[in-house]
Amino acid sequence: MAFTLPSLPYSHDALAASGMCQETLELHHGKHHQAYVTALNGFVEKNAALQGKTLDEIVLMSYGKPDMAGVFNNAGQHWNHNLFWPCMKPNGGGAMPGRLEAKIAADFGSVDAFKEAFKQAGITQFGSGWAWLVVGRDGKLATVKTPNGSNPVAEGTGTPILGVDVWEHSYYLDFRNRRPDYLTNFLEKLVNWEYVDSLLAKA
Ligand code: MN3
């Protein structure tokens, strides 16, 4: 069965007041994410080894294989955006659920220390990529950055419970070249902490 573009859990103009305009979401979801899905389906159609596989399986089986770079880039980007959209909500940010806040404070020292580490991961990802909050193999929360379409599942560094896209297409209309401002705004006005907490519970 072909992979499909998931619907956004909010309207295209719903995040405008929180720093992500309608045009950004229309292009990012409707054009960029759709293009990854279309390209991935094209690879699956031509390669019997990929047929019937889940997205996670395709990400893992194509990671690190030069002859499957195109498959990995598009499967990874489909995976990454599937996590990214529900990590945001209108009027997001604000207070975290108690369980999540306590876990972050225990593993980073404080919520502020976590936010600084997460922002630094996004700022220091040279070029395109992602910053993540993961539950590591030791059970502790950690921040991770990955290039291009890669992610912590592929790289084996943990289970992502929050991800932010730092490709320029994610922030250029709203913040131009100011990636740090985009990341600050993401944490303070866009993150759906209840969703992050639900992923922590499952990790
Ligand atoms: Mn993107």
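Tutor: A polar contact is a pair of N or O atoms within 3.5 Å; within protein, one must be able to donate a hydrogen and the other to accept it, and residues adjacent in sequence count only if both atoms are side-chain atoms. The model is predicted, so local features need pLDDT of at least 70 and side-chain atom pairs count only at pLDDT 80 or more, while totals for chains, interfaces and linings use all residues. Residues are numbered from 1 along each chain as its sequence is written, and side-chain values use heavy atoms, with hydrogens and water left out.

Student: What makes the pair of His 28 and Asp 165 a polar contact?

Tutor: The side chains of His 28 and Asp 165 make a polar contact at 2.8 Å, and the limit is 3.5 Å.

Student: Which residues coordinate the manganese ion, and what makes their atoms donors?

Tutor: Donors are N, O and S atoms within 2.8 Å of the metal (3.2 Å for Na, K and Ca); water is not among the atoms, so sites may look incomplete. His 28 (NE2), His 81 (NE2), Asp 165 (OD) and His 169 (NE2) coordinate the manganese ion at 1.9 to 2.1 Å. Along the chain, the spacing of these donors is H-x52-H-x83-D-x3-H. His 28 belongs to helix H1 (residues 22–46) and His 81 to helix H3 (residues 69–84), so this pair ties together parts that are 53 residues apart in sequence. Helices (H or I, at least four residues) and strands (E, at least two) are DSSP runs, numbered from the N terminus.

Student: Why is His 28 called buried?

Tutor: Buried means under 20% relative accessible area, exposed over 50%, and partly exposed in between (1.4 Å probe, protein chains only). His 28 has 0% relative accessibility and therefore counts as buried. His 81, with a relative accessible area of 0%, is buried as well.

Student: How do you know that strand S1 is largely enclosed by the rest of the structure?

Tutor: Seven of the seven residues of S1 (residues 129–135) are buried, so the strand is largely enclosed. Both faces are covered: Gly 129, Ala 131, Leu 133 and Val 135 are buried on one side, and Trp 130, Trp 132 and Val 134 on the other.

Student: What makes S1 and strand S2 a pair?

Tutor: Two strands pair if DSSP finds at least two bridges between them. Seven bridges join S1 to S2 (residues 141–147), and the two run antiparallel. Within this pairing, Trp 130 has Thr 146 as its bridge partner, and Trp 132 stands opposite Val 144. S1 also pairs with strand S3 (residues 159–165), in the antiparallel sense over six bridges; there, Val 134 has Pro 160 as its bridge partner.

Student: Why is the aromatic pair of Phe 84 and Trp 85 called tilted?

Tutor: Rings of Phe, Tyr and Trp (its six-membered ring) pair if their centres lie within 6.5 Å; planes under 30 degrees apart count as stacked, over 60 as edge-to-face and the rest as tilted. By this rule there are 14 aromatic pairs. Phe 84 and Trp 85 lie 5.2 Å centre to centre, with 45° between the planes, and form a tilted pair. Both Phe 84 and Trp 85 are buried.
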